[in-house]
Structures are given as structure tokens and as C-alpha cells.
Amino acid sequence: MKTFDEKEIQQMKNRFHDLADKTFRQGVYTFTGFLGLSGQDIFWQEEARLKYVGYCLNGGFEEAERVVVRFGRSEELGYEEAFPITCVCIRPLARKFADDLSHRDFLGALMNLGIERSTMGDIRVTDGGAYLFCLNSIADFICDNLIQVKHTSVSCSLTADVGQIPREEPGTVVLHVASLRVDAVLARVYDISREKSIELFRAGKVYVNGRRCENHSRQLKCGETVNARGYGKFMLTGEPGQTRKGRLAVEAAVYR
């Protein structure tokens, strides 16, 4: 996950404000590129000063981690405009001889084409292939130029049927915790010490609902999603119950 220095953070904030201002002055929708968690955190830092034009976030499918921000409200602009996101299906030409390809393999092959990361969203790896969400502006280039991933020859095609993309199925766990403090729940989910958990917060590696979380004693609520860089993400899926020993029993959906 990319992190930004102070200059890059300010440049990104300025870009958000430039897009919002264009929407306000010209009465048109404007769009960012794809934002990872670090970029989304910078957006949320500025959200209070951007919401005057309205906004929404979309990554091409419901569970997307990388998203595009669209500035503008249909009731004020008088029309609706779809997000400029396309899904590209990447398949090996000969499945029998294909390598066992990972997310890193697909991303590396795409980056080797000289494509900026901000033009690409999530990559969902399937049995032998992958689905890539990207900006419309780069989709045809990818289809024409991505012919090999690792040692595997591939073909690319545009697809509008995102319903066929396999969903990331989480594992369900029941945790017994002393409280719903985010550091306590995170430590139990990933079976690490409380001290190690707190170190992740101090290093800026924990996000709650897409926003960097610096308060490790923050109380989690049902439905909130926690991303821990290097570990994965999880969501609290049920209201806590009381155990006989006075601890809280909570259910979480864990994505590895």
C-alpha cells in the first residue's frame, strides 16, 4: 500500500478541492482516480470542506477496497453520470499450461506496461485468471497490450457482467473480548499481543471504515470494517453478548 509524504498529501488535497470547485463552477461531475486506503484517508480529512458539492464513492463492485470519488449531486446538476469504471476479464490462453498466478503477478504485469496505479482499482483473482477494475480511459490499452502475466500468455476482454465475479467469502469467528476497543478486537482476530496491536496503530497501519484510526481505544460498532495492513480486514457482524465470565462474545467476518 502506497504511503504519501507531506508534499504528496498536500498535492492530493489540492486536487480534491480543484475537482470540487470545477463541479461547483461548471455544473459538471468530476472524478478522482482510484484511491487506496491511504488516499481515502486523505479524502476523509478534507471531507467537511468538500461536501458542499456532494460526493459518492464507487470501486465498480460492492466490496471494492480501491474506489473513485465522484463530486456532484444529480439534483443540483440536473443529470446523472456513471462512474468511468470498466471491468477487464484476464484469462490464460491455455489454462492447462498456465502458471498459478497471484494478485502480485497480475499487478506487476500491468505496472510493467507503464500504467499508473491510480488508473486501476481492485484485481480479483479467480481460478487461473483475474478481473481488473480500471478507468475507461485505460481499458482498451490494457486489452491491446497485456498479453503475458509471468510466463503465461493471456487474453483480455471487457465485461459488463460483474455479477459473475466471485465474491470474497470471509471466515466467521466468535471472539471473547474484555471490551469492544478496536485494539483489543484486532489483537484477538489476528492472535497477536495487545502491544503488537497498538504498534500497528502507531505506525498508521489501521483503518476503520476507510479512515486511518489513530485512537486505538476507539469502540467498534456492529457493521464497521477494520483494515490492518499486512494482516487483512474484518467486520463486526453481530451485537455482542455476555459470557458467563463477564466478557463480551462478538462475531466477526474475517477476510484473509
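User: In this predicted model, does α6 pass α7 in a right-handed or a left-handed crossing?

Analyst: The model is predicted. Helix α6 covers residues 182-189 and helix α7 residues 194-202, and their axes lie 9 Å apart at an angle of about 115°. The crossing of α6 past α7 is right-handed.

User: How do the residues of the contact of α6 with α7 divide into nonpolar, polar and charged?

Analyst: From α6, the contact takes in Val182, Asp183, Ala184, Leu186 and Ala187. Facing them in α7 are Arg194, Ser197, Ile198, Leu200 and Phe201. The division is two charged, one polar and seven nonpolar.

User: Which are the edge strands of the open sheet?

Analyst: The sheet has five strands, ordered β5-β6-β4-β8-β7, with antiparallel pairing. An edge strand here pairs on one side only. The edge strands are β5 (120-125) and β7 (148-149).

User: Which residue in β8 does Val149 stand opposite?

Analyst: Strand β7 covers 148-149. It is joined to β8 (residues 152-159) by two bridges, and the two strands run antiparallel. The residue in β8 opposite Val149 is Thr152.

User: At about what angle to β6 does helix α5 run?

Analyst: Helix α4 (residues 103-111) lies across β4 (85-92), β5, β6 (130-135) and β7, and runs at about 140° to β5. Helix α5 (residues 136-145) lies across β4, β6 and β8. Its angle to β6 is about 135°.

Technical notes: Residues are numbered from 1 along each chain as its sequence is written. This is a predicted model: local features need pLDDT of at least 70, side-chain atom pairs count only at pLDDT 80 or more; totals for chains, interfaces and linings use all residues. Side-chain values use heavy atoms; hydrogens and water are left out. Axes are lines fitted to C-alpha atoms, for helices over the stretch in contact, and angles run from 0 to 180 degrees between N-to-C directions. Helices (H or I, at least four residues) and strands (E, at least two) are DSSP runs, numbered from the N terminus. A crossing is left-handed if the near helix is turned anticlockwise from the far one by less than a right angle, and right-handed if clockwise. Contact means heavy atoms within 4.5 Å. Ala, Val, Leu, Ile, Met, Phe, Trp, Tyr, Cys and Pro count as nonpolar, Asp, Glu, Lys and Arg as charged, and the others, Gly among them, as polar. Two strands pair if DSSP finds at least two bridges between them.
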